[in-house]
Amino acid sequence: MLLSLSTCIDKFDPDITEYQDFLVVEGLITNDSTTYYVKLSRSGGIGGGGWIQPEDNAIITIHDDFGNTYILTEYKHGIYRSDPTDLIGKIGREYYVHIETENGEIYESDPLKMLAVPPIDNIRKKYLKKESINPDKPDEGFLIYLDSYNQNNSCTHYRYKYEETWEIFIHWTYPPIEKRHCWFSEESNNILIKSTEDLVDNSVIGFPVTFVSATTTNKLGIKYCINIKQYSLNKEEYEFWSKLSITNENIGGIYDPIPSSVQGNIFCCSDSSKRALGYFSVSAYTSARYFISKTEHDMKVYDPYDLCDEAKPPPPGLHYYILQSQPFEYTVDTACVDCTVDGTNKEPDYWNNTN
Amino acid sequence: MIYKLRNLFFYKVIIGLLLFVLPHYSSGQENQALTADFHNISFESFVKEIEEQIPVKFFYKKEWVEEIIINKAYSNTPLEIVLNDVINSAGLKFYIIENNIIITHKYRIKENIIGDNNFQDDSIQYNILTDEVNKKLPNEYEDIEFTVYEIGNKGIKHEGIANLSGYIKCYETGKAIPGAVVYVNELHIGASTNSDGYYTLSLPRGEHQLNIQCIGHEETKRNIRLLSDGIFDINLKEKFFAINEVVIFADTKESLNGTHVGLEKMSIKRIKSLPTSLGEVDVIKGTLALPGVQSVGEGSAGINIRGGAADQNLILMYGTPFFSSSHFFGFFSTFNPLIIEKVSLYKGGIPAEYGGRLSSVIDIDVINGNTEKLKAKGGISPVTAQFMIEGPIIKDKTSFVLASRTTYSNWLLGLMDDPELRSSKASFYDINAKITHKINDKNSIQLSGYKGHDNFKFSFDTSYAYNSNVLSLKWIRKPGSKISSIYSVNYSKYDYSIESWAIKQNAFEFNHDIQYYDIKGDIKYNINKKHRLSYGFDLGLYDINPGEIKKNYSESLIIPYDINNEQAIVANVYAEDNFKISPTLSLNIGIRLSSFFQLGGKVIYDYKDNTEKTENNIIDSTYYDKNDIISKYLGPEYRISFNYRTGASSAIKLNYNRTRQYIHLLSNSTAISPSSIWKLSDNYIKPLIGDQLALGYYYNFLNDNYQSSIEIYYKKMQNMLDLKGNSVLIMNDKIESAIISGDGKAYGIEFMIRKNRGRLNGWINYTYSRTFIKSNGKYDNEIINNGDYYSANYDIPHNLNILVNFQYSRRLSISSTFNYSSGRPITYPIAIYEFDDKIVTEYSDRNKYRIPDYIRWDFSITFDPNLKRKKKIKSTYSFSLYNALGRSNPYSVFFKNDNGKIQGYRLSIFDRPIPTITYNFRF
C-alpha cells in the first residue's frame, strides 16, 4: 500500500548476548499401530550462541491414566522410539511423557486425552488463477480443499499435515528409461490448524489445504497425489500451535503482534526455574488420498527440464551428462538427465488406486 | 529487488505528480493599473473608486483628507503612480503592504520598521475604538501606544479594585483572538482571552500600562486610567509577512506567569513551518518537536506524553473528544490544518476543567469564520488536497467555516505496476463545519461538526472502513464583566468495520464502535483581584459496541454474533481557584470529583475464586438488566500548582495532579493498530489512576528574547493494562481473561531553550525520561518478566530536538528540525530450536532489548512569489525534505526463518530523503 512509498526491509544482525539452552521435546502419540517417536534436543542461540544439539542418553517413559508405563529406547542421536507391540494409543485415554536427562533433570508433560477424530470425507480441487508479480503471467493451478463432517462432535480442533507425490518424465531421449521416469515427494512444512468452535456445526467444510501451481511447479504434469493427515487436537494444543505459527510466521510487520515466548506442555519438575520448549502431542489420526491426472485439465504445466539445454551424451571419459549452458563452458547438472537424483523410479504401490 | 523496483516506480509517480503540481508562473506580473476620470471629487470617493477597481483597502484618518479635492484623469496608470500623485501632493504619505494602503500624516513608514514592535500606525486604530471607550484623542502624531484611555465613570470612587474586560480582535479580519495575553507588568497581573477573544482583569483603579501579546499579531501596549468597571476592546494588527511565522510563541511571559507546569502551546503557523513527510501539516505529530512528547515511530497513530500510553491523551477539537487522531494509520492527522487556530498541550498541571485521561490534554482550537467577507484557502500536496472557505452568513453576526480534505491515492494506486498494489485501495476524506452566531453582546452560540472516513482494501480479500463523527453545540454567555460561561452538548462517534471474503465459508463482516454523549458547563468567575474561580460539571454517556460479527455471504458458516454493548455514565464536577497570594506567589488549587457507573444490559462471567480468569474457570454468568449498575468507581482528582516569581524574569513552579481514566484502548501490537478495541472499565478492569508531581524552573533572558526552562516529573500509574502473550482481542467477550493489570512509573527531566524573535529563531530541547510497567499477577500467565518492572513499549530515555527557522528574506524562509531519540524497547529472539521439522524461535523477556537509535534531519523552504502584489489569489510554495540524511531509521526489528536460518531484518518506514512540494493558496 502507501507504506511501500518508501518502506524498506533490510538484513540486520542485532547484538544478542543472552543464550540459554532449553530442553526441546517433540513427541506424538496417536491411535495408529506404529512406532511413536520422541525427539530431544537443546536449543541453540541467535548469532553464534551455540547450535542445536541432540540430547542423548535420557530415560523416557510414556504413562497413561491407568498407571501403565511404557519405556522408549534411543535408536538415533536424540531420537527415542516406542515398541509398537507394547504401546498403541487408544482414543479416550490420557497420556503424558516423563523424561530424565543425562544430567539428572526431570521433565514431564501435562497429561492429554486422546480425542476421536472424524474421517476426511472429501478432498476437492478448484481451478484458481492468481495474479502474480508478473502481470502477463498469472499463476494458475488447483486449490485443494477438504471436507470432514463431524458426526459425534467430540473434536473441535484439528491439525493437518500432508504429503504430495507426483510423477515426472524427462523428455530427453538420451538417458535410459529408468532415469527418466520417476516419482517425487514433498512433505508439508507449514502449520495448518483449524478450529470449528465458532462454526454452526463442528464440520470442517472447504478448508483450503494447499495450492498446486501449474505455472511454477511440474506437479500437475502427469499425475499428482496428495495424502492429507488429520489429527485431533485438545484446545490447549491448538492454542500452542496457533501461538507458534503467530510467533514464527507473522512477526515484524508494523501491526503484527508483539512476539512472546511460546510455552508448550513440558515442565521441569526438578528445577522450576528451568524452562522446556516443545510439546508432547496426543492425537487421533486419520488420512485420505487424492489424485489429479493430466487428463483432468488443460493447463500448460511448467517443465523444469526446459531449462536444461539439449541433453547430449557425455564426452568420452566423463561420467556425468553435461548441460551446455554457454558456448564454451560446460556445467554439470545430473538432475537434468537423471530423475533419481531428486526422486525415486519405484512406482508407489498406491499409484494406480483410484480416487 | 521487486521491492526496489516498486519504490522506483512510486518515485516516478510522485515526481510526475510534483511536476504537475508545480507552479505555472505568468512571467509578466504587472502592477495593478487604474483607469479613471476624477472630477472634483472628495478623497473618500476617490478611495471608493479605487477600491472598486482594484482589490485594495485604504486606511486613513478622516480629518486629514476632508479638504482634499481631486481633479485628475488616469488611463491605465499604475496604482503607485496615482497614489504618489494624489496623496503626496496632499502632504500625506502612503505605504502599501499586501493589499492594504496605509496613509500617514507626517511620518513616512519606513520599510525596516515594519515587523518591528514599534509599528503602530495612528491612522489605523482610530476608526475602530469602540464607543464605550472614553478616548482622549491625541493631537498631531501621537502613537496610540502613548495615549491614555480613560475607562469607566469619573468621580465615583478613586480607590479599590475595578474590573476591566473586553474583546481582543484582529484588526484586519475582525475575528476574535483567543489566547491573547493582557498583562500589567508592574503588578504581575495578567489574563488571557478565552476562545471568543474575551478577557477580564481585576485591577486597582488608577493608571496602568497594559501589554498585549498574541501569536501572529503585533505586540502592543495601551495606557489606561481605570476609573470604574469598564469595557476596553483592543484590536491587534496581524503581523505582516507572516508567510512563515517568525514568532514561535509570543506569550513569552506566559511561561513565567501561568501556574501550570508542562503547558505547551503551538500556533498553527509554527506547526506549519515544520517540514513534513507527505506534504501535509500534522498538528499531532507537530507536537513531537516539544520536550516530553514521543512516538514509537513513523506510521504509528498516537503519541506518548511523559510515559503515558497513546490512549492516555485527551484529544479535543470543538471541545469534544476524538477517539481517532489520524488517517491512514498514522500518516495523516485527523485535523485539517487549514482551520486550526492553536494547539494547547498540557503535559502536567492539567486544569480541573479537563479530565478523563491520564497523561495529557491536547486542545485544538478552531477558528471562527470571518464575519466580514468571504475568504478561502487551499493546498495541494502529493497525496492530498484540501480546501476551506469562511465568511459571514449575516454580517457581523453569523459566520461559517467549511473545510474539507481528500486524497487522490486511489488514483495513484491505480497507476501501480504491481497487481497487488493496483487492486488495493486506500483513501480518506474529512469535512469540518462550524457556524458561529452572535445573539447579542452577552450571548453567542457555535455549532460545529466533523466527519472523517478512511477506506482500505488490501488486494482481493479484506477491506477496512473507519469513520469519525463529531457534533457539538456551544452556548457562550457573558452575563457580566466578572463572569463568563460556556455550556455545551457534544457527541462523538468512532467506528470501523473489517470485511473479508477470501474464503466464502469464512466470509465475515466485523464491526466495532464507540459513542460518547456529553453535556458540559464551564463557568469562570473573577471574584476579585486575588481570586479567579472556575467551576463546572460534565455528564457523559459511553456506549461501546465491543464487536459484532456477521455473515456477508450466504454460504458463510460464520455464526453471527454480537457481543453485548458496554454502557457507562461518567459524571464530574470541578472547582478551581487561581489565588494570587502576593505579587510573587500564586496558587492554583482545584479538585475534580469524578465518578463512573457501569450499566447493565450485558452478561458478566463469574470465575472460580482463586483461579486465573480463563475460559475454563468460568463457573457462572449473570445477565444484568439495562438499568442495573454493575460496578461504580468514584474518586477525587487533585490539581494543585504553585508559582513563585523569583525575579522579573524567572519563576519556580510546583505542581501535583491526579487523573483518573475509565476508558482503554486495547491493542496487541506496538502501534495503535487497525483493529484496536476500545474498552470501558468494568467490574474486573479497574480505572487507571495517575499521580504526577512536577517541578519547573523558568528563566527568560536577554530582554525576554530567550526563554529557558527545566522541568522534572515523577509519575505513578495504577491499574495499567497489559496483555497476556499472544492474546486474542477481536470478538472476545471475556476480555478480562486476556488482560493483566499492572502498575507503571515514569520519571524524567526536560530542558528547553528557545529564541522567540528575530530572523533566526528556534529551540533546542533535551529530555531524559523512563517508563516502566510491572505485571505481577497471581498466575503464571499474569506475570511478565518475573513480576519485575520492565520497559514500556514507549520507554525512550534520550530525546533531543533542535528546531531552527531562518527568515532569509520576506519571500524566502527556511526551517529545519533535527531529532535524536533512543531506540524503543523490543523483545528479541534468544534461542532457536528445531520443532516440527522447522527452526522455531524463542523470545526474550518482554522489551529487554532496544532497536537502534532514531536520527532524523528535515528541512523545508517556503517561497512566497507574490508578496506585495495585489493579486486576488495569493499562493505559496513549500519544498520540504524529510529525512534529509536518508537514514534508515528502524521502526522495527524482526526475525524470519530464511531456509532454516534465523535472519534478523530491520523495517524502516522512510529509508531515504522524501522530497515533497506543496502548493497553498488563499483568496
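## Confidence in the model

Chain A of this predicted model has a mean pLDDT of 82, and 79% of its residues reach 70 or more. Within chain A the confidence is highest in strand 9 (residues 94-100), at a mean of 96, and lowest in strand 22 (residues 322-326), where the mean is 40.

Two stretches of chain A call for care in reading. Over residues 251-255 of chain A the pLDDT stays under 50, and the model has 23 contacts beyond four places in sequence for this stretch. Residues 317-332 of chain A also have a pLDDT below 50, and the model gives them 28 contacts beyond near neighbours in sequence. Where pLDDT is low, the predicted coordinates should not be read in detail.

Is strand 6 (residues 59-64) of chain A mostly covered or mostly open? Five of its six residues are buried, and the strand is therefore mostly covered, given that buried means under 20% relative accessible area.

Strand 6 of chain A runs antiparallel to strand 9 of chain A, to which six bridges join it, and in this pairing D64(A) has Y95(A) of strand 9 as its bridge partner. Strand 6 of chain A is also joined by four bridges to strand 7 (residues 69-76) of chain A, again in an antiparallel arrangement, with L72(A) of strand 7 as the bridge partner of I60(A). Strand 6 and strand 7 of chain A form a hairpin with four residues between the strands, and in this hairpin G67(A) takes a positive phi near 85°.

## A buried isoleucine in chain B

I50(B) lies in helix 2 (residues 43-53) of chain B, and with a relative accessible area of 0% this residue is buried. Leaving aside residues up to four places away in sequence, I50(B) touches L34(B), V56(B), F58(B), L79(B) and L83(B). For one of these, L79(B), the separation from I50(B) is 29 residues in sequence and 8.8 Å in space, taken from C-alpha to C-alpha.

How many disulfides does the structure hold over all chains? There is one, and it is formed by C182(A) and C339(A), whose sulfur atoms are 1.9 Å apart. The link of C182(A) and C339(A) is right-handed, with 70° about the S-S bond. This pair links distant parts of the chain, 157 residues apart, with C182(A) in strand 15 (residues 181-187) of chain A and C339(A) in the segment after strand 23 (329-332) of chain A. C182(A) is buried, at a relative accessible area of 0%, and C339(A) is buried as well, at 1%.

C268(A), by contrast, is in no disulfide, and the nearest cysteine sulfur, that of C269(A), is 6.5 Å away.

Conventions. Residues numbered from 1 in each chain as written. Chains lettered and ligands numbered in written order. Predicted model: local features only at pLDDT ≥ 70, side-chain atom pairs only at ≥ 80, totals over all residues. Heavy atoms only, no water. pLDDT = per-residue confidence, 0-100. Helix = DSSP H or I, 4+ residues; strand = E, 2+ residues; numbered from the N terminus. Contact = heavy atoms within 4.5 Å. Buried < 20%, exposed > 50% of the residue type's maximum accessible area, 1.4 Å probe, protein only. Pairing = 2+ DSSP bridges. Disulfide = S-S within 2.5 Å.
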